[in-house]
Amino acid sequence: MLVRLNGKETTINESCVTLADLLAEPPWKDRKLLVELNGTVVRKEDYDVTPLSDGDRIELVHFVGGG
């Protein structure tokens, strides 16, 4: 499936049918993320029920600690 991930055209595994599937893949697994799909922020509790489609625009923003 071809999507635009963080501004770059990216082919993702066909087994990634939901946002939760994508986020279970490296390098996103176990990261705290803010997710935007096609211009709309997606709540964490909706990742399992949010389907992905060819051509989607996905922005993943991860948080880093520091001081």
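Tutor: A pocket is an open set of points on a 1 Å grid over the protein atoms alone, where a 1.4 Å probe fits, with protein on both sides within 12 Å along at least five of seven lines; lining residues have an atom within 4 Å of a point. Its volume is the space filled by probe spheres set on the points, which are joined across faces, edges and corners. This is a predicted model, in which local features need pLDDT of at least 70, side-chain atom pairs count only at pLDDT 80 or more, and totals for chains, interfaces and linings use all residues. Residues are numbered from 1 along each chain as its sequence is written, and side-chain values use heavy atoms, leaving out hydrogens and water.

Student: What volume does the largest pocket have?
Tutor: The volume of the largest pocket is about 150 Å³.

Student: Which residues line the largest pocket?
Tutor: Its lining includes Leu 23, Trp 28, Asp 30 and Leu 33.

Student: Is Leu 33 buried or exposed?
Tutor: Leu 33 is buried because its relative accessibility is 15% (buried is under 20%, exposed over 50%, partly exposed in between, with a 1.4 Å probe and protein chains only).

Student: New topic: how many salt bridges are there?
Tutor: There are three salt bridges (a side-chain nitrogen of Lys or Arg within 4 Å of a carboxyl oxygen of Asp or Glu).

Student: Which residues does Arg 43 pair with?
Tutor: Arg 43 bridges to Glu 45 at 3.2 Å and to Asp 46 at 3.1 Å.
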